[in-house]
Amino acid sequence: CTLKGRRRETQSSTKLARQAQKRHERKRLGGMNGMEERGEKIYSMPLYDMRGAKHKIRHPPRVHIARGYHRHLHFLNEGRAVICISDWQYETETQCHFWEQAAIVLTAELGEELFERAIVLVAGDMASSNNEVLGRASDDVPNIQWLRDSIPQGDVFMLYGNHDDMDESHFRMVNPSSELHCLLPHGGSIEAPLRKSDITKAKRDCTEVASLSSATSPSDESGYGIEVSRTNEAQKSRSDVVEGMKKENKTTSRKRQNRTKKGKQWSKQNPAQARMANFIGELDCISTSTAKNAEPTLRIGAVHGIPSSHDQGLKKIEREQYFEALNGVCSSPIDVLVTHSNPRLPGHEGRVHGDDAPRILDEFLRSAASLHVHGHMHTDPVVSVLAEGKVVVNSDCRIVAFAPANKRTDSCDKR
């Protein structure tokens with residue numbers, strides 16, 4: 001993104017980022033014993049706060065380039081990089097400042113074409129109302145337009161964390177190249193094209209559950225011949241759903257009556273947020289390809305927020321409903337699971353407490369997904385290989401880029 005009045009600062013940022021890339025490109029962080037012998041390598045590079053602001057960011061995000069993981073992540077063999085980020089709890093202008101540096105490193109490591117066509121998975125908490133404030137006081141609406149604009153041929157998919165406020169504009173935000181919506185469904189999945197030839201052919205429809213049976217089922221007038229799997233009779237477009245948020249209906253009122261006391265109180269204090277949370281929870285979003293032959297796609301399942309004793313929109317979801325959504329996603333044929341809430345990995349028993357994190361890990365391990373992207377809690381290692389074809393990446397305050405298996409990757413590994 002471009003920041004007005006910061007041309008000189010950007011030049012300094014560019015120079016320093018290049019120096020950092022050269023100095024740290026050979027530094028590796030191991031995800032597990034024997035990783036180097038298997039050809040899996042991670043290069044770590046720091047970013048710097050050079051804004052000259054009074055309040056300096058003490059812990060800027062770091063860039064991690066992961067190579068050699070195509071053995072576990074088959075979709076990396078199709079030529080698209082996958083970038084994972086979350087928990088950049090800074091003001092939008094500060095996020096842009098760090099992304100300017102990160103983009104230089106990512107372009108140098110992946111190549112310009114791969115960077116601009118990357119699939120970016122945003123695992124929540126990408127907002128802050130004030131850099132000097134922490135916790136709930138900093139909650140704000142995430143603005144990822146700068147991220148969307150920086151990769152014109154790529155795809156950005158996001159979900160909400162426990163510090164993100166919802167906004168109607170997120171329901172309309174679309175990736176220009178693939179025409180897929182940026183906002184991931186809660187408890188559902190989408191399919192993103194993996195090959196360049198199929199990027200312009202992807203389309204998306206949103207299927208509404210039977211409880212909203214008053215909706216009409218529109219016919220396919222797009223001319224693309226899209227086949228959409230309908231799990232329910234009723235169907236709406238995203239624009240219809242956004243308009244529906246503004247209206248009170250019996251379904252929404254009935255769902256509010258089932259909330260806990262704290263949940264009811266929060267809904268009364270935040271009626272707009274409560275309405276949006278109800279509607280996104282009622283959507284099962286399906287993406288299909290118009291290609292005649294079977295083109296490879298990346299199936300991404302998502303669950304927003306964190307499990308809790310009561311609802312707070314999509315920030316916190318009542319525990320039973322959260323794991324019901326997670327179970328549904330993990331029971332479907334997905335390649336990637338994206339959650340904001342973190343699992344508990346082996347060796348983290350003394351730091352990650354409670355029963356939620358182990359349940360999340362169990363759901364991932366039993367699922368068909370080979371990659372789990374999460375944020376919420378900053379732990380090491382950055383990338384963990386739990387078993388053959390089971391990789392967990394902690395993207396909290398990080399940029400983790402999985403390089404695809406191609407000639408450029410192989411030549412970089414030999415440096």
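Two strands pair if DSSP finds at least two bridges between them. Strands (E, at least two residues) and helices (H or I, at least four) are DSSP runs, numbered from the N terminus.

The model is predicted: local features need pLDDT of at least 70, side-chain atom pairs count only at pLDDT 80 or more, and totals for chains, interfaces and linings use all residues. Residues are numbered from 1 along each chain as its sequence is written, and side-chain values use heavy atoms, with hydrogens and water left out.

**Exercise 1.** Find how many bridges join β10 to β13, and state how these strands run.

Solution. 
- Step 1: locate β10 at residues 297-303 and β13 at residues 336-339.
- Step 2: count the bridges; there are four, and the two strands run parallel.

**Exercise 2.** Give the strand order of the six-stranded open sheet and name its edge strands.

Solution. 
- Step 1: read the order as β6-β10-β13-β14-β16-β15, with mixed pairing.
- Step 2: pick the strands that pair on one side only, which are β6 (188-193) and β15 (383-387).

**Exercise 3.** Determine which strands helix α10 touches and its angle with β10.

Solution. 
- Step 1: take contact as heavy atoms within 4.5 Å.
- Step 2: helix α10 (residues 319-330) packs on the sheet and touches β6, β10 and β13.
- Step 3: axes are lines fitted to C-alpha atoms, for helices over the stretch in contact, and angles run from 0 to 180 degrees between N-to-C directions.
- Step 4: the direction of α10 makes about 165° with that of β10.

**Exercise 4.** Describe the salt bridge between Lys315 and Asp139, and say why it ties together separate parts of the chain.

Solution. 
- Step 1: a salt bridge is a side-chain nitrogen of Lys or Arg within 4 Å of a carboxyl oxygen of Asp or Glu.
- Step 2: in this pair the closest N and O atoms are 2.9 Å apart.
- Step 3: Lys315 lies in the loop between β11 (306-308) and β12 (316-318), and Asp139 in the loop between β4 (119-122) and α4 (145-150), so the bridge ties together parts 176 residues apart in sequence.
- Step 4: buried means under 20% relative accessible area, exposed over 50%, and partly exposed in between (1.4 Å probe, protein chains only).
- Step 5: Lys315 is buried at 9%, and Asp139 is buried at 15%.
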